[in-house]
Amino acid sequence: EGGASMSSDNGAIAQSQEGQGLTLEQYAEAKHLRVDNLKGYGLQDMSYDGHPAVKMPYYSADGEETTAKFRLSMNGPVKSKFKAGTKSSLYGLWHLQGWRRDYGEEAANEFIWIVEGESCAQALWGVGDPALGLPGAGNWNEQRDTKHLDGFENIFVLIEPDTGGENVLKWVGESSIRDRVTLVRLDGFKDISEMYLD
C-alpha cells in the first residue's frame, strides 16, 4: 500500500519530526471539525512511511471499505495519497444511506451537495446537509456515480475557482443529471471548507 503501515502507535506519532505527518486531532483542529464525528466517519490515526497520517476510508453504500485516502499533511508538498491498487469512488455513499434512513426517502431526497474532496463533505455533514465528495474534480464517472443520485430533486454542484472547476463544468454539461443541477460558486472562498472555517 505504497509504504503504508496500519500502525496507530501513539509513541511513533509523538516522536515524528515537526512538519512531517498529520494526526487526526491536528486535522480536526485545522478544519474545525469534531474528532468524535470524524471517528464516526471512520477516520483514524495511522503510520505512513514512518510518519503519522490520517486514514480516510471510502465505503460503499453497503458499508464495505473500497479504498482509502491517507492524509499526510495539511500544507506539505504531498498532502495525500490513495491506497494503491484500489479504484476511486464518491466519498460518503455510506453516509448517504444513513441520511435516507434517518430522514426518510422523501425528505432525504430534497437536495444533495456534490463537492470536491472529503473535508468539504465532512463540513456539510457537520451542519446537517447531505453531501458526496468527488475524489478529484475530474473523477466523475457517469456509469458509476449517477445511480447514487436517483430521486434527488436538487443537486448543488460546487464550482471551485480553478482548473478543477472547469473540469466539473465539463462533466456536468455532459451528464444525465444536468437538468437537476444548480451550479454554485462561492464569492470570496475557494470551497465549502474554507467558507466553513471563516
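**Sheet notes**

I began at one residue pair: E116 has L134 as its bridge partner in β7. Strands and helices here are DSSP runs, numbered from the N terminus (strands E, at least two residues; helices H or I, at least four).

I then followed the chain, which crosses from β6 through helix α6 (residues 118-126) to β7 in a right-handed β-α-β crossover. Right-handed means that, with the strands pointing away from the viewer, the path from the first strand over the helix to the second runs clockwise.

I noted that the model is predicted, that local features need pLDDT of at least 70 and side-chain atom pairs 80 or more, and that totals for chains, interfaces and linings use all residues. Residues are numbered from 1 along each chain as its sequence is written, and side-chain values use heavy atoms, without hydrogens and water.

Next I looked up the pairing (at least two DSSP bridges between two strands). β6 (residues 111-116) is joined to β8 (residues 154-158) by 4 bridges, in parallel, and F111 has N154 as its partner in β8. β6 also runs parallel to β7 (residues 131-134), again with 4 bridges.

What is the strand order of the open sheet? I read it as β7-β6-β8-β9, 4 strands with parallel pairing. β7 and β9 (181-184) are the edge strands, each pairing on one side only.

Last, I checked α6: the helix lies across β6 and β7, contact being heavy atoms within 4.5 Å. α6 runs at about 150 degrees to β6, with axes fitted to C-alpha atoms (for helices over the stretch in contact) and angles from 0 to 180 degrees between N-to-C directions.
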